[in-house]
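Grab a pencil and have the viewer ready.

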Amino acid sequence: MNSRTTRTVLPGAFMLYLLLTMLLLPSLAVAVINVRMQTDLGVVDIVLRDDVAPLTVENFLDYANSGAYDGTYIHRNIPGFVVQGGGFKFNPEDGPFFAGGSSHIPENAPVPNEAGLPGALSNVRATIAMAKQAGDPDSAKSEWFFNIADNSDNLDFQNGGFTVFAEVSGNNMDVVDLIAAQDVCKDIPGIGSVLCGTSADAIQVDASISTEFDTKRLLLVNNIGVDSDGDGIIDRVEVAAPGGDASNQDNVASFIDESGSYMTIEAPVGVPLQSMNVLGHVYSLTTFKVSSAPEAFSFLTFAHGYTGYGLGAAPGSSVTIVLTLSEGDRAESFYNFGPTPDDPSDHWYEFGFDGETGADINANIITLYYVDGKRGDTDLDNTNGLVVAPGGPAKNIHGDRDNIDDAVEDAGPNNGDGNNDGVADSAQSHVASFPDIRNSYITVEADPSHILRSLNFANVTEGNNYLAQAEPLSSLDGLNFVYGFLSFEVTDVDFGGNADIKIILPKDESPVKFFKYGPTPDNPVNHLYEFTFDGETGAE
């Protein structure tokens, strides 16, 4: 591989969406250093302002480039004010969390305050500043904070002013806001308001310092570092790659995957990789809750974790990517998460090679073929070179595969436990809760050995959904479908086997009839028919 020191971006951006919304770095006409911060809730790309705070930037880079920030957790959150990190790590080898397991990282000498220098930046929203001790303007060491509001009236003057040394890039404040929205697991004296990984999985502990604490739910900053070539992988990770240093090649990225081995992704020369995201099971624990529904992925083993990236390429392009696993590894299959031409909803699907697009696997070498506007592209209706990824900064992969957002299910009856079995519906692949067309919640429950998938609701509006289009509205006279129309799949059913589905309506509601739309043994044409129980099949 030839080393390249410049970054070429062609018109348009052909972006492949495998897991997350991609976040792109803007072009700034100031002296900046690009740095990537990977957190449990997504990536925050930031620019260090060496032009206005050189000593503070140098201090921050000393910690970042040494790996001192890797594995630290967010330890302070004041709503509407700041989110703070860069101070504490959990070291389980040193004991329980409340008994020596959590400690402050080693600190360098304090850095002189640069808040009052000419050109100094203000503590406005989307800036990053150094924390310090009260009454000592020159006491900043390792800890930093995001300004999640305009704090300039206060922090530009308090204690000599707080030095702003970096700015959050582009839409990355979405991730910071997501971090700030997390529940606080516990306020710890001398540390702060430790954040949980997700609000739905908040671990509540009492005031006793000896109480056991679920440290797996800490919100971690996995790593911070300079990204010279803009591919999303920090330089010190790429420099250490056994296959060679790719830190100055914008079309090549090398990184450590979930298996602990290096993986390399290479695009054609002139097609830069952008916004790489490497997500392991730690990420999915806190964001996607995969760990709470392992049966949902019983058919897959993501031994190498999850990866997302973008590609800067011309509109309508065809792009071939080569993904190389460690020597001796052998890939069995490759999966994407997103829409396909036959299913516009985000879902898992095997990206097998169909002669035009897909993954061609040869032992540890995976060749990925992408065509703008076709399978593998999340902007299937357009050929403008831009793959639009729906969702927020940390894409909510439906770990239970039922096509209902976790947040929607968590807002359902019984605090998100619609079937009242003691387990959140969002954590179960055989249960789904969602609002019907009247905005009242309905719960659908299958046998625990089965999986609900591709669940969708439709209202009957002429010309606006599959049922009204296929069935004349006159045939619906006298029928009152007050709940709307529901479709879903039940998987993992043995050939010739049974699937019993329970639909739980709001309390005190009693439906009169249940209809299905499709073929019957006596009529192979799709039609509406009453699904009455005949002793073997039907609705009871």
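**Exercise 1.** Work out how the residues of the lining of the largest pocket divide into nonpolar, polar and charged.

*Solution.* Step 1: sort by type. The lining divides into 25 nonpolar, nine polar and seven charged residues (Ala, Val, Leu, Ile, Met, Phe, Trp, Tyr, Cys and Pro count as nonpolar, Asp, Glu, Lys and Arg as charged, and the others, Gly among them, as polar).

Before going on, remember that this is a predicted model, where local features need pLDDT of at least 70 and side-chain atom pairs count only at pLDDT 80 or more, while totals for chains, interfaces and linings use all residues. Residues are numbered from 1 along each chain as its sequence is written, and side-chain values use heavy atoms, with hydrogens and water left out.

Step 1: On a 1 Å grid over the protein atoms alone, a pocket is an open set of points where a 1.4 Å probe fits, with protein on both sides within 12 Å along at least five of seven lines; lining residues have an atom within 4 Å of a point.

Step 2: find the middle. Of the 41 lining residues, Ile503, Phe514, Phe515, Phe531 and Ala539 lie nearest the pocket's centre.

Step 3: look for the main contributor. Strand E26 gives the largest share of the lining, four residues (strands, E, are DSSP runs of at least two residues, numbered from the N terminus).

**Exercise 2.** In which order do the strands of the five-strand open sheet come, and which are its edges?

*Solution.* Step 1: the order is E14-E15-E18-E22-E21, with antiparallel pairing (two strands pair if DSSP finds at least two bridges between them).

Step 1: E14 and E21 (358-362) are the edge strands, as each pairs on one side only.

Step 2: count bridges. E14 and E15 (residues 262-266) are joined by five, with isoleucine 256 opposite tyrosine 262 of E15. Three bridges link E15 to E18 (residues 318-324), and here isoleucine 265 has leucine 323 as its partner in E18.

**Exercise 3.** Is valine 319 buried or exposed?

*Solution.* Step 1: locate the residue. Valine 319 sits in strand E18.

Step 1: check its area. Valine 319 has a relative accessible area of 4%, so it is buried (buried means under 20% relative accessible area, exposed over 50%, partly exposed in between, with a 1.4 Å probe and protein chains only).

Step 2: look across the fold. Alanine 267 is 52 residues from valine 319 in sequence, yet their C-alpha atoms are 7.7 Å apart.

Step 3: In E14 (residues 252-256), four of the five residues are buried.
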